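I opened the model to look up a few things about one chain and its partner. My notes follow.

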Amino acid sequence: MTALFIILVLVFILIAIWQMVKIFDLAQAGLPENDQVATEKDNTINAYLMMGFLAFIYIITIVCIVKWGDLPLLSNSASAHGPEVDNLMIISLVLIFVVQTITQFLLHYFAFKYKGQKGRKALFFADNNTLEAIWTIIPVITLAGLIIYGLFTWTSIMNVSEDDDPIVVELYAQQFNWKARYSGADNTLGKANVRLIDIDKANILGLDESDPNAQDDIITSELHLPVGKPVLFKMRSQDVLHSAYMPHFRAQMNCVPGMVTQFGFTPTITTAEMRQNPDMIDKVKHINEIRVENSKDLVAKGEDALDAYEFDYLLLCNKICGKSHYNMQMKIIVETQEEYDAWIKEQKIFKNSLVKN
Amino acid sequence: MSAHADTHVHDDDHGHHHEPTFITKYIFSTDHKMISKQYLITGVFMGIIGILMSIMFRMQIAWPEEPNVLFEALLGKWAPDGVMDADIYLALVTIHGTIMVFFVLTAGLSGTFSNLLIPLQIGARDMASGFLNMVSYWLFFVSCIIMIFSLFVEAGPAAAGWTIYPPLSALPMASSGSGMGMTLWLVSMAIFIASQLIGGLNYVVTVLNLRTKGMSMTRLPLTIWAFFVTAIIGLVSFPVLLSAALLLIMDRSFGTSFFLSDIFIQGEVLHYQGGSPVLFEHLFWFLGHPEVYIVILPAMGLVSEIMAANSRKPIFGYRAMIASILAIAFLSTIVWGHHMFVSGMNPFLGSVFTFTTLLIAIPSAVKAFNWITTIWKGNIQMNTAMLFSIGFVSTFITGGLTGIILGDSALDINVHDTYFVIAHFHLVMGISALYGMFAGVYHWYPKMFGRMMNKNLGYIHFWVTAVCAYGVFFPMHFIGMAGLPRRYYTNSNFPLFDDLADVNKVITIFAIVGGIFQIVFLYNFFISIFYGKKATANPWRSTTLEWTTPVEHIHGNWPGELPVVYRWAYDYSKPGHDVDFVPQNIPLKEGEEELQH
């Protein structure tokens with residue numbers, strides 16, 4: 001209803017403006033032909049509006065940075081490569097804001113300063129090789145720096161070395177669900193193909209039941225990771241494209257049916273530690289205030305109040321995958337090695353999870 | 001030029017021409033000016049649909065799952081009790097993207113102005129083939145009808161995103177829109193591509209062969225350079241999308257496995273084996289990325305022309321502008337992989353595409369600085385078209401700059417497919433190209449319809465649109481950096497994003513206001529066709545050839561001989577002349593030198 005109300009108000013404003021313009025036009029009847037071309041008065045008004053618009057751009061930038069610029073997602077990365085990415089991001093953002101501020105100023109200020117006036121003659125200035133060389137070479141140098149920095153970062157992120165002895169975990173995507181598969185004591189994932197899926201036997205990921213490596217594999221619906229240990233994800237999808245997006249770890253890779261993709265990182269902050277981070281405490285508190293506020297409306301309507309929010313790392317689906325794409329998530333828990341060992345010991349291994357006929 | 005010999009043939013032909021009937025004049029017309037109007041009006045109509053869709057899904061994002069009268073009225077069974085269904089949400093974003101990118105900003109923009117301006121600005125009587133030109137428009141029209149028709153099929157329109165990645169788009173059991181809706185989408189696009197190819201060939205041939213005497217390539221207005229290069233990019237890349245669409249049709253209907261392999265869905269294993277969705281992504285983006293330049297280059301051409309005319313100054317760095325158009329065109333064909341950094345392709349390829357992608361920033365920067373220098377020390381006439389051109393440069397810079405983040409593979413990992421991307425491409429090619437199109441309409445309206453649009457309505461239209469465009473897309477960068485994925489029907493399942501809900505409301509309110517104020521434009525546009533002030537022959541006191549034709553359209557454009565060109569298109573405020581513009585068909589004065597450009 002709010003939306004409808006806003007629309008109605010706007011429609012009325014519009015009609016009012018329309019009527020005013022009509023009156024304005026009628027008052028101008030009898031003016032010479034070409035009266036729809038900008039006059040000196042139009043030039044002046046619009047020139048001042050240009051400066052106003054420049055101010056608007058600056059204000060909206062400042063408001064956005066102050067209100068939403070310090071989102072924990074930008075500064076609190078929880079993986080070993082995270083700070084590297086964030087550094088590059090911050091350098092790029094600073095560069096962007098500097099260039100943006102200067103060029104927008106020049107554009108709007110020139111539009112203001114050189115507004116059309118009687119008796120003003122434009123400068124016939126068609127070419128200047130020095131100027132053009134300057135603004136070709138400066139971007140070349142800046143971009144060369146960014147490209148080199150970016151490529152080094154990219155290579156170090158994407159080169160997962162098996163020498164680090166990573167834990168190998170499979171992320172398995174299906175409409176609209178995630179599963180994780182741990183490789184077990186042998187640290188080798190058993191062979192799998194969706195053609196081997198046997199729902200009756202609870203072989204839901206299509207593991208090769210005859211493969212010795214598969215016997216000790218562990219399938220879970222929660223992703224637990226020991227802190228400080230490199231992890232290498234092998235990703236599969238059983239139906240359509242999905243994307244495993246783990247924003248806190250600066251990690252993302254598509255899951256593609258018919259092939260295995262991979263991404264690796266080292267988590268550096270446990271879930272418990274992150275919950276104690278002052279920025280995160282603030283954020284969670286803020287979110288809970290919003291949730292309490294929203295709950296009031298819900299309770300008034302006779303529905304249940306919202307649960308309080310507690311921070312958790314998340315794996316989100318970030319490639320459109322169908323109707324419930326918006327609700328395809330899995331909780332990630334980063335914990336100490338001891339907690340992890342204790343958790344994994346409780347999980348059923350594949351051999352024992354099969355339904356025996 | 002060969003055009004000269006042609007002239008006489010056409011002149012003779014002109015004398016014997018039959019009086020056009022209503023049908024040959026307004027419907028199956030072969031006259032480029034009429035075809036251009038047909039493209040524009042069709043594009044405007046599709047634009048209304050596209051913008052209305054965006055307002056609907058923005059309302060859903062701001063007030064998720066709340067009943068809305070607008071939904072109830074427009075979505076019917078897809079909004080039981082006025083609550084939008086999740087499938088139709090995805091369909092709306094899909095069709096919004098398709099309509100805006102292809103039907104409005106490709107056909108509506110390039111189709112309109114290439115058709116109007118190529119013959120008029122190069123001094124030709126019409127396109128090289130008027131008949132093919134007519135076929136091109138009518139194929140476009142048919143594709144529009146099919147796309148609109150697809151909105152009404154039982155299971156809903158295509159809902160796999162405008163990029164229609166298989167297997168989602170290939171399997172009706174994966175998405176309800178992937179049945180008849182997707183079939184119609186593919187058929188519509190195949191016809192659309194045919195239309196673009198025929199049109200593009202015509203543009204290239206016309207520019208190369210039909211330039212009037214004296215119109216060398218280095219005297220062409222930048223508009224023509226832009227249309228010419230755009231047509232070439234289209235000819236190179238559209239066939240690849242056509243092949244992708246045909247292969248997808250094969251996979252969907254004839255059991256092949258080009259893009260599909262090892263699929264288990266709804267309890268059964270499908271027979272597909274050996275294909276790869278990544279192959280589709282490569283084929284799609286081999287068009288998809290050049291496509292954004294197909295959209296933006298014509299807008300750049302229009303803006304260059306309008307900025308020079310309204311600054312009363314030559315465009316700065318004419319040759320550099322042409323060189324950067326060519327550089328952008330070349331680079332645009334080797335950067336498609338930056339859409340696929342996290343698709344699972346080899347990371348080494350990611351490095352290559354990062355390199356080529358960031359290179360595009362160089363010609364883009366040159367263009368932006370040249371526009372700014374063009375207005376420096378000008379005598380700027382603030383016509384609506386000029387305002388939109390300045391707005392174009394502003395949004396092009398704002399949107400373009402974030403490209404250095406998205407083009408950088410290491411950074412793209414974390415903002416890929418978030419609202420950051422939405423903000424980036426809407427500003428740099430959506431809003432910018434739309435501004436280019438508005439600028440073109442306001443500027444060439446007197447040439448198209450012989451009447452002027454109302455300038456005060458134009459000012460209102462521009463300033464509200466400019467504020468709303470920033471209000472919508474600027475905050476989106478920040479929710480994107482906070483990790484909010486795009487194409488989520490609602491964010492309410494993620495308490496993590498609860499603090500972004502108010503940003504989304506602000507964005508939606510700006511979107512609604514901006515959308516509603518387009519009515520000002522529509523009113524101005526349609527009413528002025530009939531009641532606008534009669535235009536004079538050259539209202540903006542411009543130098544290019546189209547303003548030497550009579551206000552009333554005639555077949556063949558010029559009543560007598562074709563004009564002869566003696567100078568480049570930008571002799572504004574040239575020292576030694578009394579007036580501040582010297583049209584291209586005015587011979588050089590004794591002792592006057594043509595600028596060495």
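How much helix and how much strand does the chain have over residues 45–68 of chain A? I read 100% helix and 0% strand there, with the end C-alpha atoms 34 Å apart. Helices (H or I, at least four residues) and strands (E, at least two) are DSSP runs, numbered from the N terminus.

Ground rules first. This is a predicted model, where local features need pLDDT of at least 70, side-chain atom pairs count only at pLDDT 80 or more, and totals for chains, interfaces and linings use all residues. Residues are numbered from 1 along each chain as its sequence is written, chains are lettered from A and ligands numbered from 1 in the order written, and side-chain values use heavy atoms, with hydrogens and water left out.

**Annotated spans**

**Gln174(A)**

I picked Gln174(A), in strand β1 (residues 167–174) of chain A. Is Gln174(A) buried or exposed? Gln174(A) counts as buried because its relative accessibility is 16%. The cut-offs are under 20% relative accessible area for buried, over 50% for exposed, and partly exposed in between (1.4 Å probe, protein chains only).

Leaving out residues up to four places away in sequence, Gln174(A) touches Lys179(A), Gln238(A), Asp239(A), His242(A) and Met328(A). Contact means heavy atoms within 4.5 Å. From Gln174(A) to Ser237(A) I count 63 residues in sequence but 5.9 Å in space, C-alpha to C-alpha.

**Chain A against chain B**

In this interface, 130 residues of chain A contact 143 residues of chain B. The buried area is about 12400 Å², with 70% from carbon and sulfur atoms. That is accessible area (1.4 Å probe) lost on putting two parts together, summed over both. Phe124(A), Trp154(A) and Tyr326(A) lose the most area on the chain A side, together 7% of what that side buries.

I found seven salt bridges across the interface (side-chain nitrogen of Lys or Arg within 4 Å of a carboxyl oxygen of Asp or Glu). Asp498(B) and Arg291(A) form a salt bridge at 2.6 Å, N to O. Helix α4 (residues 82–113) of chain A gives the largest share of the side of chain A that touches chain B, 17 residues.
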